[in-house]
Amino acid sequence: MFTHQTIRLLAVWLFVAMSTSPFQSNSGTEPVTDDDRPVVYLTFDNGPGPRTPEFLDVLDQWDAKATFFVIGGNARNSPEMLDEIVSRGHALGNHTWTHRDLTELRPLEALTELQATNVLVAETVGRTMRCWRPPFGETSDDLIEMAATIGLGNESWIPSGRWDVDTLDWKFGYEFVLSRLESIEPDDVVLMHGGMNPDPEGLAALMTWLEANGDDYRFETLPGCTPGTIASPPPDSLAAADPATRYITTNPNLWFDIQRGSAYLSAFGALR
Ligand SMILES: [Zn+2]
């Protein structure tokens, strides 16, 4: 009926959902700094991929922290890259499992796209993600509300979870990307891609821009993307209950969705 892998993933899924329940205290606090340079938020979508380490190396040269919105299906192929991103001080965000337009999916499919990616990341790096970005920037009030039920927000930095500067690094050449980077203003959220696409020009443009501007800004992870922890203690009144009981008690509807979501995952073969 259930494979061992399915059961294991379901167990992790439970812990992820529990750790993002309304009872979880907000473990994320922004770093205190006396650095008064303006902040810019570099973000990289669609990875991880073969070129992700090159982006990490460039960021390290400028002591820059960034946020990587990862695709679960890609992360599954190189899970060690998730650890690499986190261990070097960057944040992870959820960019769904297969990068489909969530507004065209049924709610359960959309939930599964997000939750499957949550599970993989939590299982791999031991921390939960707390933010997401919709593929193509396409979202709705219903999707935002649903994502919030599994601990994912995106409204703390910009309404609708989009971006201020889209470099279109996946589409146009070096000069175009550089012109977009030159238009950056303080507090901007900059959209790039993290090494999954054939984007050497994007990386080259980033390096050139940092050479000229890297000392002028602080590069921080997005507010709201500070990772949570799996091992958050439950409230005292529920501490005695086993995890499944606690979860069902607090989230009966989600428990039902998770059961159906697991069946859906098996059906479309995203996880085996
Ligand atoms: Zn994307």
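Reply: Happy to. Helices here are DSSP runs of H or I with at least four residues, numbered from the N terminus. Please keep in mind that the model is predicted.

Me: What makes Arg130 count as buried?

Reply: The cut-off is 20 or more other C-beta atoms within 10 Å. Arg130 has 26 other C-beta atoms within 10 Å, so Arg130 is buried. As for its surroundings, Arg130 and Leu152 are 22 residues apart in sequence, yet their C-alpha atoms are 4.6 Å apart in space.

Me: Why is α2 called roughly parallel to α8?

Reply: Helix α2 (residues 52-61) and helix α8 (residues 200-213) have axes that come within 11 Å and cross at roughly 0°. Angles under 35 degrees count as roughly parallel, and therefore α2 is roughly parallel to α8.

Me: What makes a set of residues a nonpolar core, and which residues have the most contacts inside the largest one?

Reply: The members must be buried residues of the nonpolar kinds, such as Leu and Val, joined through C-beta atoms within 7 Å. The largest nonpolar core has 53 residues, and those with the most contacts inside it are Leu82, Leu92, Val121 and Val190. Helix α5 (residues 107-125) gives the most to this core, with nine residues. Beyond its neighbours within four places in sequence, Val121 is in contact with Ala75, Leu82, Leu92 and Met129.

Me: How do you know how much confidence the predictor has in the chain?

Reply: pLDDT is that confidence, on a scale from 0 to 100. The chain averages a pLDDT of 79, and 71% of the residues score at least 70. Over residues 242-261, pLDDT stays under 50, and the model has 29 contacts beyond four places in sequence for them. Residues 266-272 also stay under 50, with ten such contacts.

Me: And what does the chain look like overall?

Reply: Its secondary structure comes to eleven helices and six strands. Of its 272 residues, 41% count as buried. Among contacts between residues at least 6 apart in sequence, 80% join residues at least 24 apart.

Definitions and conventions:
Residues are numbered from 1 along each chain as its sequence is written. This is a predicted model: local features need pLDDT of at least 70, side-chain atom pairs count only at pLDDT 80 or more; totals for chains, interfaces and linings use all residues. Helices (H or I, at least four residues) and strands (E, at least two) are DSSP runs, numbered from the N terminus. A residue is buried if 20 or more other C-beta atoms lie within 10 Å of its own, exposed if 12 or fewer, and partly exposed in between; C-beta atoms are placed from the backbone. Two residues are in contact if their C-beta atoms, placed from the backbone, lie within 7 Å. Axes are lines fitted to C-alpha atoms, for helices over the stretch in contact, and angles run from 0 to 180 degrees between N-to-C directions. Angles under 35 degrees count as roughly parallel, over 145 as roughly antiparallel, 65 to 115 as roughly perpendicular and the rest as oblique.
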